[in-house]
Amino acid sequence: EGATTEELERDVVRLRRQWEQISDLAKRSKPARLLYQEPAMVIRLLREEFTKEYRGVLIDDPALYEEIRGAIDAMAPELADRIELYDSRDEGLPMFERYHVHEQLIKALDRKVWLPSGGSLVIERTEALTVIDVNTGKNVGRTNLEETVFQNNLEAANEVARQLRLRDIGGIIVIDFIDMEIRENRDAVAKAFREALARDKTRTQVFEISELGLLEMTRKRISEGLVESLSSTCPTCEGRGFLLHEAALAELE
């Protein structure tokens, strides 16, 4: 999707060459023989995700750098120069520390996300769906309340789209935008949200914002999600997020 004619033609040439190599190997080999296997996960990821929209990719492993550089040079030569080797000795810090990756991961696991103007998102996962609540927080505005809410919701629309990709949230999602009285403002926020989702390669379906400020959508579930892959259910509360008071339990016994 979004590929140019030149890119498609180059991909066809590459795939035909690959098929010819597989066919030739099949003719010269005795069964059973492995003829082809998918490349490593990191190369498959870059093959699907790495486009001209990205400024570059940093790799701190020299051997992996050479492998990926060669693969990208074959698939998309115009992007090969964007594959860079990161040398922690020259930089003085490990790559993840240099670019605050651990800090960003911790933020991506937090239920609360701050918006630039002072508003916030609260992301709650349930068994059936994910709910994202938009709040003005410190962003109370000075004059027109409707305009303040509208601008806050526009910020939230872009950040929600980013968080869906970052956390790989799938399934049914309900976004509770702050109520807007003007219909045109609700339509503008929904349009901005769809435009922000255009970068997301995962299939989505977005409905209109209701008069209550609720926007319902679905996003195809590709994996278990960032939170699930990096955590486990609390054995004490069993994922409910609260503990019953001991006094209340004693009365029930």
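Helices (H or I, at least four residues) and strands (E, at least two) are DSSP runs, numbered from the N terminus. The model is predicted: local features need pLDDT of at least 70, side-chain atom pairs count only at pLDDT 80 or more, and totals for chains, interfaces and linings use all residues. Residues are numbered from 1 along each chain as its sequence is written, and side-chain values use heavy atoms, with hydrogens and water left out.

Is Arg-203 buried or exposed? Arg-203 counts as exposed because its relative accessibility is 61%. My cut-offs are under 20% relative accessible area for buried, over 50% for exposed, and partly exposed in between (1.4 Å probe, protein chains only). I then listed contacts (heavy atoms within 4.5 Å). Leaving aside neighbours within four places in sequence, Arg-203 touches Thr-218, Arg-219 and Lys-220. I also checked Ala-108: it is 95 residues from Arg-203 in sequence and 21 Å away in space, C-alpha to C-alpha.

**Strand S8.** I read the side chains along S8 (residues 214-219). Leu-215, Met-217 and Arg-219 point to one face and are buried.

Next I checked the partners of S8. Two strands pair if DSSP finds at least two bridges between them. S6 (residues 171-176) pairs with S8 in the antiparallel sense over six bridges, and Asp-176 has Leu-214 as its bridge partner. S7 (residues 204-209) is joined to S8 by four bridges, again antiparallel. There, Ile-209 has Leu-215 as its bridge partner. S7 and S8 form a hairpin with four residues between them. Gly-213 in the turn has a positive phi of about 90 degrees.

**The sheet.** I traced six strands in an open sheet, in the order S3-S4-S5-S6-S8-S7, with mixed pairing. S3 (112-114) and S7 stand at the edges with a single partner strand each, so one side of each is left without a neighbour in the sheet. Neighbouring strands are turned by 15 degrees against each other on average, direction ignored.

I also looked at S4 (residues 120-125) and S5 (residues 129-135), which pair in the antiparallel sense over six bridges. Leu-121 stands opposite Val-134 in S5.

**Helices.** H7 lies across S3, S4, S5, S6 and S8, at about 145 degrees to S5. H8 packs on the sheet and touches S6, S7 and S8; its direction makes about 170 degrees with that of S7. Axes are lines fitted to C-alpha atoms, for helices over the stretch in contact, and angles run from 0 to 180 degrees between N-to-C directions.

How do H6 and H7 pack? H6 (residues 101-109) and H7 (residues 145-167) pack at about 105 degrees, with axes 11 Å apart. They are therefore roughly perpendicular. Angles under 35 degrees count as roughly parallel, over 145 as roughly antiparallel, 65 to 115 as roughly perpendicular and the rest as oblique.

**Cysteines.** I searched the whole structure for disulfides (cysteine sulfur atoms within 2.5 Å) and found zero. The sulfur of Cys-234 has its closest cysteine sulfur in Cys-237, at 3.8 Å, too far for a bond. Cys-234 is partly exposed at 34% relative accessible area, whereas Cys-237 is buried at 9%.
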